[in-house]
Amino acid sequence: MKPPSFEYADPKSLDDAVRLLEEHEFEAKILSGGQSLMPLLNMRLARPELLIDLAKIPDLDHVREEAGTLVVGGMARQRALELSPIVRERFPLVYDATMHIAHPQNRNQGTVGGSIAHADPAAELPALVMVTDAEIVATGPDGARTIAADEFFVTYLTTSMEGAEILTEVRIPALGPSTGHSLQELARRHGDFALAGAMATVTLAGGGTIESGRLVLFGVGATPIRARDAEQLLAGEKPSDALFEAVAAKAAAELDEPLSDVHASAEYRRSLAGVMAKRALAEATARAAV
Amino acid sequence: MDTTRKIQMNVNGTSYSDEIDVRTTLVDFLRVNCGLTGTHVGCEHGVCGACTILWNGNAVRSCIMLAVQADGSEISTVEGLAPGSELHPIQQAFMEEHGLQCGFCTPGFMMSIYEMISRNPDPSDEEIKDVLGGQICRCTGYQTIFKAVRSAIDKMAAANKSAAQG
């Protein structure tokens, strides 16, 4: 339960970090907050030859609002989101998602970029960027490029970033007017990874009908899953229990076989995803109506 | 790129420096290199919270942090809580309310609680539970720990009030 031997570098600039990563692409791992990587090292599930610590690179930990978008540096601690008045007042779904990440003692160290780049399908921040149509900025040898959240998650712990790219920024749009949000997840204990979870946003049109909705399920597949086909059933409809039931059932039914493990069977996870989705849609709609 | 590094940090106000393997975790540096064995090593993957210390004032797991990450930092451990021979109000409250049995998890609990009260001297029950949820105790059942937190908050508020009046 101690890390294996490795070499350590703490580059002072992003250029230096990218160069190191390019030179050691297949042997190196990026260390940001370490809340996932360090357990993997301690259990020797990961044995990188080189750790590249991003902590000494300046200007990677900002949390600010730019024209209605929350702009967060890759090295911003999760606790910085939680403690930011901007997040609390203007980005309530970001706040909710952050408060579901592990415990304060982990959020003090864990980073926003680290969690998204790690791409655990049961984690909150990957699902958050999917449901908000956020953008992810990756910086590599050819400079920075922007990746839509939809294009970012490939499979378990795998993203569409190239080997020598580093996640440097996340851009999360605010919810629009007449839009409510909800996060629902079930974990054995608060702070554990969800057995299944759902995030939803619902936008109401005049007359109380639903203009559009977004639904993401997490913890039930290889990536967070945007339930696009099920979402389509919401547009133009009056909110009702039956509607939410139908949308949630379609989303759950269209999942590929969820993970089956010691914590829950695939069948249970699928069923739970439907329950979480229905609750999320109902709560998001109720909040949109306020 | 190094496999060893010379690092320095202030732990409870005292400077410690040593040349270490970069793979050394912070908790092992504190226990082995600094000789401060009050911080305990439990699960070694950041779940149980026994190793929780303050890193520049923030409660973190020292078993999933490398000592090199704390180079140049201010660290507080349970040894730094009591100013002298008198117990810190958190320690006093744990004793009075039976907030510990075997005591293995206690240093981590105390540092998490210390951070919480430092940030917010008047936390809600929910906030307290959120913080205690990040620490595992296998003896007490948590109710006595919760009571100890409430008692510590009262003790610290009373001490602040009398200090302000004095």
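How many residues does the contact take from chain B and from chain A? In this predicted model, chain B contributes 33 residues and chain A contributes 36 residues. About 2800 Å² is buried between the two chains, and carbon and sulfur atoms give 51% of that area. On the chain B side, Met1(B), Arg23(B) and Ile64(B) supply 26% of the area buried against chain A, more than any other three residues. The rule finds 5 salt bridges across this interface. A salt bridge also joins the side chains of Lys2(A) and Glu44(B), at 2.7 Å from N to O.

Next, the nonpolar cores.

| Core | Residues in core | Named members |
|---|---|---|
| Largest | 37 residues | Ile116(A) and Met199(A), with the most contacts inside it |
| Second, separate | 31 residues | including Leu41(A), Ala46(A), Val27(B) and Leu66(B) |

The largest nonpolar core has 37 residues. Several elements of chain A each supply at least two residues of this core, among them helix 7 (112-118), strand 10 (166-173) and strand 13 (210-218). Helix 8 of chain A gives the most, with 6 residues. Domain 2 (63-173) and domain 3 (179-288) of chain A each provide at least three residues of the core. The contacts of Ile116(A), leaving out residues up to four places away in sequence, include Leu125(A), Val129(A), Phe152(A) and Leu167(A).

In chain B, helix 3 covers residues 106-119. At 1.5 Å a residue its 14 residues should span 20 Å, and the end C-alpha atoms are 20 Å apart, which agrees. Because 11 of the 14 residues are buried, helix 3 of chain B is largely enclosed by the rest of the structure. Among the buried residues are Phe109(B), Met110(B), Glu115(B) and Ile117(B).

Terms used: Residues are numbered from 1 along each chain as its sequence is written. Chains are lettered from A and ligands numbered from 1 in the order in which they are written. This is a predicted model: local features need pLDDT of at least 70, side-chain atom pairs count only at pLDDT 80 or more; totals for chains, interfaces and linings use all residues. Side-chain values use heavy atoms; hydrogens and water are left out. A nonpolar core is a set of buried Ala, Val, Leu, Ile, Met, Phe, Trp, Tyr and Cys residues joined through side-chain atoms within 4.5 Å. Buried means under 20% relative accessible area, exposed over 50%, partly exposed in between (1.4 Å probe, protein chains only). Helices (H or I, at least four residues) and strands (E, at least two) are DSSP runs, numbered from the N terminus. Domain bounds come from an automatic or database domain assignment. Contact means heavy atoms within 4.5 Å. The expected span of a helix is 1.5 Å times one less than its number of residues. Buried area is the accessible area (1.4 Å probe) that two parts lose on being put together, summed over both. A salt bridge is a side-chain nitrogen of Lys or Arg within 4 Å of a carboxyl oxygen of Asp or Glu.
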